Amino acid sequence: LSLHDALPIYFDDGDVVYDDLILKIDEALSWINLSTSAIRPGQEDLIYRGDMRKWIKFANTLKLKIYIRQAFSRPDVAQAGIEELYLNGAEFIAPGEDALVGFSDATGSNNPLFQELDLTTPQNVVASLTSTDALQNDSDVRINKLYDRSPNTGQYDGLLQGVGTADGGVYNDYARPDSTIILSKSAPVYLMTGYESLFLQAEAAQRTWGTGSPKTLYDNAVLASFSFWGLNGTNMIAPGGVYEFDNTLERIYYQKWIAFNGKQGFEGWTEWRRTGVPVLDKSVQGIPLTNVFPLRLVWPINETSTNPNVPDLESVDTPVWWDTTF
C-alpha cells in the first residue's frame with residue numbers, strides 16, 4: 001500500500017491555492033537572514049549559490065507573477081497585491097539575475113530535454129510555423145539563435161500547428177531548436193529570466209498598479225531578450241521600429257510571447273492562454289480533440305484511479321480558472 005493510496009489528496013480551488021502560495025512565499029521571506037553571521041548555503045543552492053538578496057528579488061518577482069496571472073480573473077486581488085509590493089519597496093530580479101539550473105556535458109548531468117530526446121534520429125521537436133513566420137515577418141534576428149535551418153531546404157521552415165508530418169513532410173524539412181544553445185547537453189533550464197521580470201513590471205505599470213514608465217520597462221525587457229542571445233535590439237524599439245511601444249498591453253503580451261520562445265515554452269503557452277496574444281491556429285490533427293487548442297493538463301490515470309477526491313475530469317479544451325480569454 002503506497003502512501004498515495006493510504007492518504008488520498010484533497011483538492012482546493014485554484015484561487016485558494018494561489019492565495020496560499022503568497023502566504024508561503026511571505027513565510028519563506030521571513031526566514032531569510034541577511035546578517036553576515038548567518039549560515040547560508042553555497043554550491044548546495046543550485047540556483048543562486050547562497051545569494052539571499054537574489055532570493056528575495058526572486059520571491060518578489062514570483063509574487064508579482066502570481067498577481068499578474070490573476071489580472072483578468074481577480075483584478076481587485078491582483079491590483080491590491082501588486083500595489084502592496086511596490087508600497088513596500090519590493091525589488092525584482094534584473095537581467096543577469098536569471099533563476100536557472102545549470103547542466104554539463106558530464107554523463108548523468110545533461111540537460112533533461114537533451115537526455116530525453118535521441119538527437120541522432122528524427123523526432124518531433126521542430127520549429128512552429130507560427131514562431132518562424134512571426135520572427136521572419138518582423139526581420140527579427142533572434143531567429144538565428146533560436147533555430148537551426150532545415151537540412152533539406154536551408155530555410156527557417158516551420159510546421160503548421162498540429163499537422164505533424166501527415167501531409168507528406170519529413171523531419172528534415174523543418175527547422176529545429178538550435179543544437180548548441182537550446183538542445184545541447186549543457187543548456188541550462190530557466191525558471192525565471194530578467195526579461196520576464198521586466199515584462200511583468202511593464203504590465204503592472206501599464207495597468208497603473210505599479211510604478212515606473214511602461215515604455216521604459218517594455219523597452220528594457222525587449223532589449224534584455226535580445227541581449228540574452230548576444231544581440232542588440234535597439235533598432236527594433238526605436239521610433240518607427242517594428243517593436244516600438246504603442247502604449248498597449250497587447251504589445252507587451254506579444255513581445256513577452258516572442259521572448260519565451262526557445263527557453264520558456266511552457267510559460268509562452270501559459271501567457272497565451274491568459275492573454276490570447278498572439279492568435280494561434282488550432283491543432284488540426286490533435287488527439288483526442290481535433291480543431292481545438294489545449295488549454296489545460298488533465299488528471300493522470302494514476303490520480304483518477306486511486307484518489308476518490310479527484311474533481312470531475314475536465315476536457316483538455318476547458319479553460320483553467322484564471323483563463324478568461326477562451
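Trainee: Is E97 buried or exposed?

Mentor: E97 is buried, at a relative accessible area of 15%. Buried means under 20% relative accessible area, exposed means over 50%, and partly exposed lies in between, using a 1.4 Å probe and protein chains only. Before we go on, this is a predicted model, where local features need pLDDT of at least 70, side-chain atom pairs count only at pLDDT 80 or more, and totals for chains, interfaces and linings use all residues. Residues are numbered from 1 along each chain as its sequence is written, and side-chain values use heavy atoms, with hydrogens and water left out.

Trainee: Which side chain does E97 meet in a salt bridge?

Mentor: Side chains of opposite charge can pair when their charged atoms come close. A salt bridge here is a side-chain nitrogen of Lys or Arg within 4 Å of a carboxyl oxygen of Asp or Glu. E97 pairs with K57, at 3.1 Å from N to O. This pair links distant parts of the chain, 40 residues apart: K57 is in helix 3 (residues 52-69), while E97 is in the loop between helix 4 (75-87) and strand 1 (99-101). Helices (H or I, at least four residues) and strands (E, at least two) are DSSP runs, numbered from the N terminus. K57 is buried too, with a relative accessible area of 18%.

Trainee: How many salt bridges are there by this rule?

Mentor: The count is 14. One of them joins K215 to D219, with the closest N and O atoms 2.9 Å apart. Both residues lie in helix 9 (residues 214-228), four residues apart, about one turn of the helix. K215 is partly exposed at 37% relative accessibility, whereas D219 is buried at 11%.

Trainee: Which residues are linked in a network of salt bridges?

Mentor: Look for E203, R207, K256, E271 and R274. Within that group, R207 and E203 have their closest N and O atoms 3.0 Å apart, and both are buried.

Trainee: How many residues does the largest nonpolar core have?

Mentor: In soluble globular proteins, nonpolar side chains tend to be buried together. A nonpolar core is a set of buried Ala, Val, Leu, Ile, Met, Phe, Trp, Tyr and Cys residues joined through side-chain atoms within 4.5 Å. The largest one has 40 residues, and those with the most contacts inside it include Y147, F199 and Y254. Helix 11 gives the most to this core, with seven residues. Apart from it lies another core, of 19 residues, L64 and F92 among them.
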